[in-house]
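Colleague: I would like to learn how to read a sheet and its pockets from a model. Could we go through them in turn?

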Amino acid sequence: SAEMLSQLRISGRGRCRRLWRALSTAASTSTGHPASICVVGAGPAGFYTAESLLRMAQGRFTLKVSIVERLVVPFGLVRFGVAPDHPEVKYVEKFFQSLLENPSVEFFGNVTVGVDVTVPELMEMYDAVVLACGAESDRDLGLPSEHLQNIFSARDFVGWYNAHPDLTNLSVDLSKTTDAVVIGNGNVALDIARILMRNYEEFAKT
């Protein structure tokens, strides 16, 4: 509802204000050390969070940002979720890469929060921690036989055709497939339908 959306916006603004207040306080009370923040997740949400905070801190105080990612490489959904025939959308990777070249930003890949390091440990090391990680599991539809061979969630199938390291061994067999059914009509469903209809030659240049 409109009331719920309004409450979410107010809640989001409140969290942003608390985060900014924590960083400002850390900067004002530190003895020559910059304020520091750890962003967990190197997808678009993580990078835009880092960019926004650095821009807000510019001219006010020095801020160091660490971006921590479970995968070895950054960029999240831009790398593993955007269809390969949409290079104009993937172009934002250049902006993210320029952020990684900022001396105030450091990237730590192949680090699983909760395994290699815990959130309380991160909170001991940084003035603030932002969890900007996405969904890593599927929601079953509860349909009979939905786990049979050649039935996939959109998350798995998109990850597979984008060579997500978790899904390179997904058992997809399209060699004798003549028909496919996509449940849903959002942008990801349309991407999948379009990908299924294209041939190898069309993807060779991507």
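This is a predicted model: local features need pLDDT of at least 70, side-chain atom pairs count only at pLDDT 80 or more; totals for chains, interfaces and linings use all residues.

Colleague: In what order do the strands of the open sheet lie, and which are the edge strands?

Modeller: The open sheet is formed by 4 strands in the order S3-S2-S1-S4, with parallel pairing. Strand S3 (105–108) and strand S4 (128–131) are the edge strands, each pairing on one side only. On average, and with direction ignored, neighbouring strands of this sheet are turned by 20° against each other.

Colleague: Now to the pockets: what is the general idea behind finding them?

Modeller: Rolling a probe the size of a water molecule over the atoms shows where empty space is left. In this model, the largest pocket has a volume of about 1,000 Å³. Its lining comprises 31 residues, and those nearest the centre are Ile-151, Phe-152, Ser-153, Ala-154 and Val-181. Helix H7 (154–161) and helix H8 (187–197) are the elements that give two or more residues to this lining, which by class has 18 nonpolar, 6 polar and 7 charged residues.

Colleague: Which residues are closest to the centre of the second largest pocket, and which element gives the most to its lining?

Modeller: The second largest pocket holds about 860 Å³ of space, and of the 31 residues that line it, Leu-77, Gly-134, Ala-135, Glu-136 and His-164 are the closest to its centre. H2, helix H3 (76–80) and H7 each supply at least two residues of that lining, with H7 giving the most, 5 residues. By class, the lining has 17 nonpolar, 8 polar and 6 charged residues.

Colleague: Why does the second largest pocket lie between domain 1 and domain 2?

Modeller: The second largest pocket lies between them because domain 1 (15–131) and domain 2 (154–204) both give residues to its lining.

Technical notes
Residues are numbered from 1 along each chain as its sequence is written. Side-chain values use heavy atoms; hydrogens and water are left out. Two strands pair if DSSP finds at least two bridges between them. Axes are lines fitted to C-alpha atoms, for helices over the stretch in contact, and angles run from 0 to 180 degrees between N-to-C directions. On a 1 Å grid over the protein atoms alone, a cavity is a set of points where a 1.4 Å probe fits but cannot get out, and a pocket is an open set with protein on both sides within 12 Å along at least five of seven lines; lining residues have an atom within 4 Å of a point. Grid points are joined across faces, edges and corners, and a volume is the space filled by probe spheres set on the points. Ala, Val, Leu, Ile, Met, Phe, Trp, Tyr, Cys and Pro count as nonpolar, Asp, Glu, Lys and Arg as charged, and the others, Gly among them, as polar. Domain bounds come from an automatic or database domain assignment.
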